[in-house]
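I opened a new notebook page for this fold.

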Amino acid sequence: MTKPRVLLADDHRIVTEGLKGILAEEFELVGIVENGRAMVDAARTLRPDVIVADISMPHLNGIDALAHLKRNNPDVRVVFLTMHRDAAYARRALEAGASGFVLKHSAPAELVLAVRAALQGRTFITPDLAADVFRTAKDTNDPLAALTPRQREILQLLAEGKSAKGIAAALDLSARTVEFHKYAMMESLRIENSAELIRFAIKHGLVP
């Protein structure tokens with residue numbers, strides 16, 4: 001019988017090596033990528049049944065990478081495996097269409113259960129966070145919701161230390177457009193300078 005196909009997306013090689021041992025018996029591992037943009041490209045090329053991804057990755061975080069994929073393939077299934085214990089990250093992931101949210105310190109069996117649930121069209125949330133996610137979902141305003149997907153991409157790249165010119169080249173935009181988005185974000189978030197904007201990105205998990 002053919003095994004379900006899984007793509008791994010995590011920029012820590014030691015993590016992906018460990019995941020191979022956890023998943024290989026039950027699933028076929030079709031690829032490993034180390035950043036969000038590579039995850040988007042590999043998902044479109046390899047068409048895995050499930051993607052197991054970190055949230056904090058270079059170039060494009062996992063949640064925004066999922067949003068990119070959902071635009072063209074609403075049925076894409078992504079299980080996030082992350083260090084982020086804050087329920088806000090889980091809510092953001094679920095709102096983006098994630099099929100699962102598992103903490104890296106959880107037992108390996110949880111990840112297997114989450115991948116199985118995703119294959120069956122169900123959602124799995126690590127029990128450590130499930131109660132917090134559902135109890136506070138209606139009461140929490142996510143500051144990142146004020147930004148467009150493009151602005152979140154630009155903000156992450158700014159926080160990673162890239163210049164407006166470098167971001168423009170990476171996203172196929174003009175440097176002027178990048179600067180426009182930067183100042184629009186500052187106005188929307190009521191932030192006065194670039195340093196505060198980068199601190200905001202770090203605080204809200206766009207970069208580690």
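At what angle do the axes of helix 7 and helix 10 cross? I found roughly 105°, with the axes coming within 9 Å. Helix 7 covers residues 149–159 and helix 10 covers residues 194–203. Axes are lines fitted to C-alpha atoms, for helices over the stretch in contact, and angles run from 0 to 180 degrees between N-to-C directions. Helix 7 is therefore roughly perpendicular to helix 10 (the class spans 65 to 115 degrees).

Next I listed the contact (heavy atoms within 4.5 Å). Helix 7 brings Leu155, Leu158 and Ala159. Helix 10 brings Leu197, Ile198, Phe200 and Ala201. I sorted these residues: seven are nonpolar, none polar and none charged. Ala, Val, Leu, Ile, Met, Phe, Trp, Tyr, Cys and Pro count as nonpolar, Asp, Glu, Lys and Arg as charged, and the others, Gly among them, as polar.

A note on the source: this is a predicted model, where local features need pLDDT of at least 70, side-chain atom pairs count only at pLDDT 80 or more, and totals for chains, interfaces and linings use all residues. Numbering starts from 1 along each chain as its sequence is written, and side-chain values use heavy atoms, without hydrogens and water.

Then the whole protein. I counted ten helices and six strands (DSSP runs, H or I of at least four residues, E of at least two). The C-alpha atoms fill a box of roughly 55 × 40 × 30 Å along the principal axes. Of the 208 residues, 47% are buried (under 20% relative accessible area, 1.4 Å probe, protein chains only).

Technical notes:
Angles under 35 degrees count as roughly parallel, over 145 as roughly antiparallel, 65 to 115 as roughly perpendicular and the rest as oblique. Buried means under 20% relative accessible area, exposed over 50%, partly exposed in between (1.4 Å probe, protein chains only).
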